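Open the model in your viewer and keep the selection tool at hand. The stops below go from a side chain to the ligand and then to a separate loop.

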Amino acid sequence: MNRNQQPWILNAEITRPDRHLVDALGEIETGNLADASPLVQVFPSAIRRLVGDRDFCGPALTVWTNPGDLLYPLRSADLVEAGDVVVIDGGGWTEAALIGEIYAGVVAARGAVGIVVDGAIRDLAGIAEAGIPAYARCAIPGKQTLAGPGSINTAIDCSGVRIEPGDLIRADETGVVVIPRKAAAEVLAAARKVAEAEAGWIAAAREQGLSGALGLDAVIEANRPG
Ligand SMILES: O=C([O-])CC(=O)C(=O)O
């Protein structure tokens, strides 16, 4: 499941997107971003918000770890900068926690705005107390090894979702999406158009019903065989 080919690498520096792009993308719901561009990738539905009720948007500080191993996840804490989202590729392994309240407390104090783990976390009450929202596949009390290998700020692959360090992670109640840093302005413009179109459909549906607003009968007519 884990295809990272760069173990034992630790890149302290990453290029982060412009703050105004982060803030503007943080105003747009994940559904509109997902509709805006094929460049926007959607995290698997199994990665859910387990702690907190705050949406966030920020550049990814990426961590890859050998599934179940805490060495590189914990090592990443001191590299976090204000506004970052920590994304940990744990290979989707759910039988050992990769971070808990100690880690969450440190990264929250450094100004991280969110944690996303393709794997398991623990200490949900302690993470809530640290005041940082956390998404993961599940929670489990136990942990496994502290041995590596792993990497920090290399390209990662969370169950098919590829993330480069500094890409934008946007999370809300619905789920998590990733926007390539270099496409952030283009995605923002497209997502604003989607949001505008949606507002138009909602208004039109009040007048014409949803089928009328979206032209659904014409689609049925075109797609129905015979
Ligand atoms: O105990 C550990 O090594 C890691 C952990 O759960 C935490 O970050 O709270």
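Which backbone nitrogen does the side chain of D123 reach? Select D123 and E101: the side chain of D123 reaches the backbone nitrogen of E101 at 3.0 Å, a polar contact being a pair of N or O atoms within 3.5 Å, where within protein one must be able to donate a hydrogen and the other to accept it, and residues adjacent in sequence count only if both atoms are side-chain atoms.

Before moving on, note that this is a predicted model, in which local features need pLDDT of at least 70 and side-chain atom pairs count only at pLDDT 80 or more, while totals for chains, interfaces and linings use all residues. Residues are numbered from 1 along each chain as its sequence is written, and side-chain values use heavy atoms, with hydrogens and water left out.

**Stay on D123.** D123 lies in the loop between β6 and α5 (helices are DSSP runs of H or I with at least four residues, strands runs of E with at least two, numbered from the N terminus). Its relative accessible area of 29% makes D123 partly exposed; buried means under 20%, exposed over 50%, and partly exposed in between, with a 1.4 Å probe and protein chains only. Leaving aside neighbours within four places in sequence, D123 is in contact (heavy atoms within 4.5 Å) with G100 and E101.

**Select R122.** R122 is in the loop between β6 (114-121) and α5 (124-130) and is partly exposed at 23% relative accessibility. Beyond four places in sequence, its contacts include I99, G100, E101 and K143. An unreviewed UniProt entry places the feature "binding site" at R122 and D123; such annotations may be inferred rather than shown by experiment.

**Select the ligand.** Around the ligand are L70, L74, I99, G100, E101, I102, Y103, R122, D123 and K143, where near means a heavy atom within 4 Å. Helix α4 (residues 101-109) gives the most to this shell, with 3 residues. Now display the polar pairs. A ligand oxygen is 2.8 Å from a polar backbone atom of I102. A ligand oxygen is also 2.8 Å from an N or O atom in the side chain of R122. For K143, a polar side-chain atom lies 3.1 Å from an oxygen of the ligand. Taken alone, the ligand exposes 270 Å², of which the protein buries 88% (Shrake-Rupley method, 1.4 Å probe).

**Finish at T154.** Select the loop between β8 (150-152) and β9 (156-158), where T154 lies. T154 is buried, at 4% relative accessible area, and its side chain makes a polar contact of 2.9 Å with that of S151.
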